[in-house]
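Biologist: I would like to learn how to read the main features of a fold. Can we go through one together?

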Amino acid sequence: MEDQIRYYEEKLKYEIDPFDLHGRIVDGDHVVVVDARASEMYTERHITNAISLPSGDMSQETTSHFDHTALYVTYGDHVACNASTKGALMLAKLGFHVKEMMGGLDVWLKYGYETECRRTA
C-alpha cells in the first residue's frame, strides 16, 4: 500500500490536468503554458496566452529569457501525442520546474476552455 501511495504522490508532482491548470491560470498563479507541438499546429489553435516552443527547439538559447521561478506546463495535441512529454523532459533538463498537462489540447477543448485560433477571411 505504501508503494502505491508513493507512486501516486510522485505522479502528481509531474502531471496536471486541464481543470487544475485552468484553475491556476484563473487564480493568477505564476504559470507559463508551453505548446510543445509544431509551430504550425500552434498557429491553427492553441491555449490562450500559451507560448509556442516546439519540443525539438528547446535549448539553453531558446529558454535563456525564461523565468526560473515560474511553473512551466507543457501540452501536446492529444493523449497519444508525446510532444508534451518531450517538452517537459527538455525543460526539466534545462533546470525549470515543469509539469505535463494530461490529455493535451483535445481534453482542454472538451472542458470548453478558451483557445485562440487562426482566423480566415
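**Reading the fold**

Modeller: Start with charge. In this predicted model, the mean positions of the 12 positive and 20 negative charges of the protein chain lie 3 Å apart.

Biologist: How many helices and strands are in the protein chain?

Modeller: Five helices and seven strands. From the N terminus on, their order is α-β-α-β-α-β-β-β-α-β-α-β.

Biologist: What radius of gyration does the protein chain have, and what would a compact globule have?

Modeller: A compact globule of 121 residues would have a radius of gyration near 14 Å; the protein chain has 14 Å, which agrees.

Biologist: What share of the residues counts as buried?

Modeller: Buried means under 20% relative accessible area. By that cut-off, 36% of the 121 residues are buried. The chain exposes about 7500 Å², with 53% of it supplied by carbon and sulfur atoms.

Biologist: And contacts along the sequence?

Modeller: Take the contacts with a separation of 6 or more. Residues 24 or more positions apart account for 70% of them.

Biologist: Why is strand β2 largely enclosed?

Modeller: Strand β2 covers residues 31-35, and four of its five residues are buried, so the rest of the structure largely encloses it.

Biologist: Which strands pair with β2?

Modeller: Strand β5 (residues 71-75) runs parallel to β2, joined by five bridges. There, V32 has Y72 as its bridge partner. Strand β4 (residues 51-52) also pairs with β2 in the parallel sense, over two bridges. In β4, V34 is partnered by I51.

Key: Residues numbered from 1 in each chain as written. Predicted model: local features only at pLDDT ≥ 70, side-chain atom pairs only at ≥ 80, totals over all residues. Heavy atoms only, no water. Rg over C-alpha atoms; globule rule 2.2 N^0.38 Å. Buried < 20%, exposed > 50% of the residue type's maximum accessible area, 1.4 Å probe, protein only. Contact = heavy atoms within 4.5 Å. Areas by Shrake-Rupley, 256 points an atom, 1.4 Å probe, with all protein chains shown as cover. Lys, Arg positive; Asp, Glu negative; His and termini not counted. Charge placed at Lys NZ, Arg CZ, Asp CG, Glu CD. Pairing = 2+ DSSP bridges.
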